Amino acid sequence: MKNDRGTDYYLVEDLLSDREKSARDAVRAWVQSRYLPRAADCFEKGIFPADLVPEMAELGLFGFKMKEYGGRGENNVAFGLVCQELERGDSGLRSFVSVMNALVMFPISEFGTGEQKERWLPPLARGEKIGCFGLTEPHAGSNPQGMLTSAVKRGSRFVLNGRKMWITNGSLADVALIWAKTEDGSIRGFLVEKGTPGFFARDIAKKFSLRASVTSALTLDNVSIPEQNLLPGTTGLKSALLCLNEARYGIAWGAVGAALACFETALEYAKSRIQFGAPIGSYQLVQQKLAKMITEITKAQLLCLRLGRLKDEGRARHTHISMAKMNNAAEALKIARTAREILGANGISLGYPVIRHMLNLETVNTYEGTEDIHTLIIGRDITGLDAFSRES
Ligand code: TGC
Ligand code: FAD
């Protein structure tokens with residue numbers, strides 16, 4: 001029996017519900033018709049297509065898993081499939097949706113007061129407001145515990161000082177979730193509104209990755225906010241890490257989407273590009289590359305699906321999520337590099353999606369915990385020995 005299911009080599013489709021498939025298919029069709037025709041242009045010009053935000057809201061992409069406040073109430077597998085389809089378009093598109101769902105709406109819903117939820121979640125779900133998540137600082141990336149941003153209580157207000165770096169949606173955001181250290185040294189989350197005196201966002205230029213996404217540096221210079229802007233349920237770095245779990249989960253699926261786009265392009269190219277009188281896909285070295293690519297895609301799909309089902313059952317541990325994020329981002333990057341090779345000189349042209357995905361995946365392999373950091377998280381889990389602590 002021959003493979004008649006294309007990139008669905010292990011018939012994973014059979015393991016999905018109709019509802020999951022329909023959520024995926026709607027986003028796939030939207031990405032194909034509305035985003036792909038502009039993808040190369042947005043990347044080349046370094047533009048996030050903000051005009052598409054209302055359409056994404058219409059698709060229910062913001063608050064996708066949230067049952068209240070205008071969310072769609074879908075499960076984790078459906079969310080993963082949607083991330084896959086968005087990133088099949090571009091990592092920047094998936095990043096926008098990751099930040100809105102996992103890093104802004106999730107923390108407000110998980111750690112916020114009723115008033116904060118009422119105020120922010122419905123307009124975020126409608127795409128009328130945009131958010132960002134400020135954890136990383138110029139001197140604290142992999143080790144956010146080392147952050148310098150401070151929040152000092154002054155009467156009924158907090159005064160924030162510090163800098164945040166590499167913040168997706170930074171200058172677009174109406175509300176920034178800023179993680180800062182209070183006087184007792186604990187890390188808490190604060191909602192800072194655009195336009196608050198002393199709060200500035202400057203976009204980071206000269207990026208060669210995630211060009212269709214806004215990435216900013218934030219400055220907080222004596223930013224005074226009411227105490228009601230503290231997310232009261234945030235109790236330490238762990239609260240921020242819980243948000244990262246949500247985002248890392250979506251990234252694991254998204255990476256599969258980028259890998260699929262690269263593989264499908266390389267496969268078509270290998271079948272039609274003639275060199276030495278035959279399609280390059282007929283040569284054993286090229287077949288080896290393609291066989292390795294589809295094998296890694298299949299493994300990544302299975303990892304995601306099992307993780308999604310565990311998450312829906314409430315049995316996923318954060319180390320499970322680390323494994324999927326680490327593996328899928330790293331393998332997608334390798335797949336993109338191999339696809340670029342197969343396309344020869346055409347591989348460096350934005351006329352094909354491969355170089356765009358390859359450059360984006362450099363970021364995907366870095367943000368939300370680098371490959372090294374996730375390796376060490378898994379290492380600590382299986383050995384019980386902490387490689388992060390200098391004392392261990
Ligand atoms: P550590 O001692 O490990 O942890 C403190 C407490 O938190 C617990 N914990 C977690 N809980 C839930 N989920 C997780 N993922 C958790 N990881 C750890 C841990 O058990 C402990 O709990 P307790 O009860 O014992 O207190 O803390 P550490 O300071 O040693 O740091 C650990 C480390 C290195 C794993 C962590 O700092 C880390 O993950 N670093 C990577 C930083 C990172 O991923 N930054 C992402 C920034 S946001 C971003 O990139 C957005 S990109 C968005 C986009 O555009 O898509
Ligand atoms: P560093 O932590 O300085 O690491 C440098 C190198 O050292 C890496 O290779 C790392 O793996 C290695 N390393 C570090 N520690 C160890 C160790 N203990 N053992 C072995 N190796 C180690 N952050 C946000 O808060 N919000 C956002 O919205 C956001 N969006 C982003 C968008 C883009 C386009 C990019 C590029 C980044 C974004 N980030 C965001 C930041 C991102 O999360 C960080 O870049 C990432 O966590 C790594 O931090 P760093 O760049 O400071 O690298």
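Hi everyone, I'll walk you through the two ligands in this structure and the residues around them.

This is a predicted model, where local features need pLDDT of at least 70, side-chain atom pairs count only at pLDDT 80 or more, and totals for chains, interfaces and linings use all residues. Residues are numbered from 1 along each chain as its sequence is written, chains are lettered from A and ligands numbered from 1 in the order in which they are written, and side-chain values use heavy atoms, leaving out hydrogens and water.

Let's start with ligand 1. Around ligand 1 there are 28 residues, counting a residue if one of its heavy atoms lies within 4 Å. Ser95, Asn245, Arg248, Gly369 and Arg380 come nearest.

Now the polar contacts, meaning pairs of N or O atoms within 3.5 Å. The side chain of Arg248 has an N or O atom 2.7 Å from an oxygen atom of ligand 1, and for the side chain of Lys238 the distance to a ligand 1 oxygen is 2.9 Å. Gly369 uses a backbone N or O atom, 2.9 Å from an oxygen atom of ligand 1.

On to ligand 2. Which residues are closest to it? They are Thr136, Ser142, Trp166, Thr370 and Asp372, out of 17 that surround ligand 2. A polar side-chain atom of Thr136 is 2.7 Å from a nitrogen atom of ligand 2, while Trp166 places a backbone N or O atom 2.8 Å from a ligand 2 nitrogen.

And where does ligand 2 lie? Domain 2 (131-235) and domain 3 (238-383) both give residues to its shell, so ligand 2 lies between them; the domain bounds come from an automatic or database assignment.

Terms used. Polar contact = N/O pair within 3.5 Å; in protein donor to acceptor, adjacent residues only side chain to side chain.
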